[in-house]
Amino acid sequence: MSESTNTPIEYRDERKAGRLLAVEDGTAVGYIAYFVLAGPPHALVAVHTIVEPGHEGRGIAGGLVRTFYGLAEAEGVPVVPLCPYAASWAAKHPDEAPVAPAEVVAAAKAQLAADSDLW
């Protein structure tokens, strides 16, 4: 029997904090830092994807991005993956990661540039 546990990862959206957390055994093992675009269509904008040291290579980052796109889909808004990992994941999973309209991407970049507290 393997020493590592196969505890399922739970994903928690902490919208006010701008974090989508990956939680295992009550401990955050990764997160996506994000913000909501101020103007319509209020896209979810991924800024960073982080997996805590010692938890890499287990699919946590991919699970976070997949869950993030699922949140956006449930809310009927696009995702703008400004985070390099999220953008790479989206390019590899076009069936799960619709491309945001160019004007939404431009608005997200402008909002991020105007407010460095977002990242």
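## Exercises on a predicted model

β1 and strand β2 (residues 19–24) pair over five bridges, in the antiparallel sense. The model is predicted: local features need pLDDT of at least 70, side-chain atom pairs count only at pLDDT 80 or more, and totals for chains, interfaces and linings use all residues. Residues are numbered from 1 along each chain as its sequence is written, and side-chain values use heavy atoms, without hydrogens and water.

**Exercise 1.** State the strand order of the open sheet and find its edge strands.

*Solution.* 
- Apply the terms. Strands are DSSP runs of E, at least two residues; helices are runs of H or I, at least four. Two strands pair if DSSP finds at least two bridges between them.
- Read the order: β1-β2-β3-β4-β5, five strands with mixed pairing.
- Pick the edges. β1 (10–14) and β5 (79–81) each pair on one side only.

**Exercise 2.** Describe how helix α1 (residues 60–75) and helix α2 (residues 84–92) cross, and classify their contact.

*Solution.* 
- Take the axes, lines fitted to C-alpha atoms over the stretch in contact; angles run from 0 to 180 degrees between N-to-C directions.
- The axes come within 10 Å and cross at roughly 75°.
- Therefore α1 is roughly perpendicular to α2 (65 to 115 degrees; under 35 is roughly parallel, over 145 roughly antiparallel, the rest oblique).
- List the contact (heavy atoms within 4.5 Å). Ala61, Gly62, Val65, Arg66 and Tyr69 in α1 meet Tyr85, Ala86, Trp89 and Ala90 in α2.
- Sort these residues: seven nonpolar, one polar and one charged. Ala, Val, Leu, Ile, Met, Phe, Trp, Tyr, Cys and Pro count as nonpolar, Asp, Glu, Lys and Arg as charged, and the others, Gly among them, as polar.
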